[in-house]
Amino acid sequence: MGIWIDGIQEKVYTGISKTVSANNNIDIYKFGDDKIIKSIYFNLKNVEEADKDKVEISIHAGTKERTFFDGTLLDLMVVSFYQNGRNLVNLTDKSYRSNIAFDYEDDDIATPLVPYLMPITISMFNKTGNDISVKLAFEGVDAEDIIHFYEGVLSKELKRMPNENEIKTAMSHDFIKRRFISRRETLTATEQGFQIPSGAGHYDRIVIYTVSGHIDRIKLTGLDDIIEENDMDVLTDITFIKNNLNPTLSPVGQIAIIENLPAGVNYQLRVYGEKDTVFKILTEKIV
């Protein structure tokens, strides 16, 4: 926790506890518009180690274009690992505790979740055979404090008190969406190509990691330029070293994080490795 804009104090908000029945898909939490969220803490219990990719999590505002996280518990653990350096795992009670940040302390753009501007829901699809216990908590700031900040700024510009629509317009301009979207792929041959379309916004990171099997090397190109071409084990080592990560705490064996990507580019990913290798492409995008 710390101080956000103009002395606004960050807080940790008490979350909720919920049980998601086996093979059930439910909304587990709907945000009120009284807080602005920088990060979300998840505690999932009674998940078998082999089932982490069968617990689907979505944080969304109702449409695909307004989805902030679309992945699984495994994806959540990967994000928590490269953001925080760890997850808290207890194999005795089969619990996994992870934290995902949507707004970064060292970034010069504001990308928190803002329920004041749009209704945001956390949904979960439990595709395992066990009931799962879920506990959530949130770090952020009171929306009222942010609204008062904008009232002060806009009143100086407008020479009067702004109305709610004017405040929301200003906030919509300043707060940008950060989206974590994952997809699962399988190598049907020892060499195969995959598309990563540009769409709106730009990719802050493209993260590639194995679920099972082994990737020998990858090649990422865009606009006929080679952006990354290297041995996957080398890229894994670089990921650990550059991000000061402990390999023994990694939730996956191989992981490559590609950053500083040009905007407005359709990417082609070439993957070389063992046939039937299962891997994931997690994109972190600013929209």
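This is a predicted model: local features need pLDDT of at least 70, side-chain atom pairs count only at pLDDT 80 or more; totals for chains, interfaces and linings use all residues.
A strand here is a DSSP run of E of at least two residues, numbered from the N terminus. By that rule Asp204 lies in strand 13.

Eight strands form an open sheet in the order 3-9-5-6-11-18-13-16, and the pairing is mixed. Which strands stand at the edges? They are strand 3, residues 24–30, and strand 16, residues 255–259. Each has a single partner strand, so one side of each is left without a neighbour in the sheet. From one strand to the next, the twist averages 15 degrees.

Strand 3 pairs with strand 9 in the antiparallel sense, over six bridges. Within that pairing, Lys30 has Thr121 of strand 9 as its bridge partner. Strand 9 also pairs with strand 5, again antiparallel and over six bridges. There, Ile57 stands opposite Met124 of strand 9. As for burial, strand 9 covers residues 121–126, and five of its six residues are buried, so this strand is largely enclosed by the rest of the structure.

Next in the order, strand 5, residues 55–60, runs antiparallel to strand 6, residues 67–72, and five bridges join them. One of the facing pairs is Ser58 with Asp70 in strand 6. Something also packs on the sheet: helix 4, residues 232–242, which touches strand 13, residues 202–212, and strand 16. The direction of helix 4 makes about 70 degrees with that of strand 16.

Back to Asp204, in strand 13. The side chain of Asp204 makes a polar contact of 3.3 Å with the side chain of Arg205. What else is Asp204 in contact with, leaving aside neighbours within four places in sequence? The residues are Asp107, Arg178, Ile258, Glu259, Asn260, Glu284, Lys285 and Ile286.

On to the helix pair. Helix 2 spans residues 143–158 and helix 3 spans residues 164–174; their axes come within 10 Å and cross at roughly 105 degrees. That makes helix 2 roughly perpendicular to helix 3, because angles of 65 to 115 degrees count that way. On the helix 2 side, the residues that meet helix 3 are Ile146, Ile147, Tyr150, Glu151, Leu154 and Leu158. Helix 3 contributes Glu166, Ile167, Ala170, Met171 and Asp174. By class, the residues of this contact are eight nonpolar, three charged and no polar.

In the loop between helix 2 and helix 3 sits Lys159. Its phi is near 65 degrees, a positive value in a residue other than glycine. Is Lys159 buried or exposed? At 72% relative accessibility, Lys159 counts as exposed.

Asn23 is in the loop between strand 2, residues 17–20, and strand 3. Although Asn23 is not a glycine, its phi is positive, about 55 degrees. Asn23 is exposed, with a relative accessible area of 55%; the cut-off for exposed is over 50%.

Last item, Ala101. Ala101 lies in strand 8, residues 95–101. With a relative accessible area of 15%, Ala101 is buried, because buried means under 20%. Not counting residues up to four places away in sequence, Ala101 touches Lys38, Ser39, Gln83 and Phe180. Val79 is 22 residues from Ala101 along the chain, and their C-alpha atoms are separated by 8.6 Å.

Conventions:
Residues are numbered from 1 along each chain as its sequence is written. Side-chain values use heavy atoms; hydrogens and water are left out. Two strands pair if DSSP finds at least two bridges between them. Helices (H or I, at least four residues) and strands (E, at least two) are DSSP runs, numbered from the N terminus. Axes are lines fitted to C-alpha atoms, for helices over the stretch in contact, and angles run from 0 to 180 degrees between N-to-C directions. Contact means heavy atoms within 4.5 Å. A polar contact is a pair of N or O atoms within 3.5 Å; within protein, one must be able to donate a hydrogen and the other to accept it, and residues adjacent in sequence count only if both atoms are side-chain atoms. Angles under 35 degrees count as roughly parallel, over 145 as roughly antiparallel, 65 to 115 as roughly perpendicular and the rest as oblique. Ala, Val, Leu, Ile, Met, Phe, Trp, Tyr, Cys and Pro count as nonpolar, Asp, Glu, Lys and Arg as charged, and the others, Gly among them, as polar. Buried means under 20% relative accessible area, exposed over 50%, partly exposed in between (1.4 Å probe, protein chains only).
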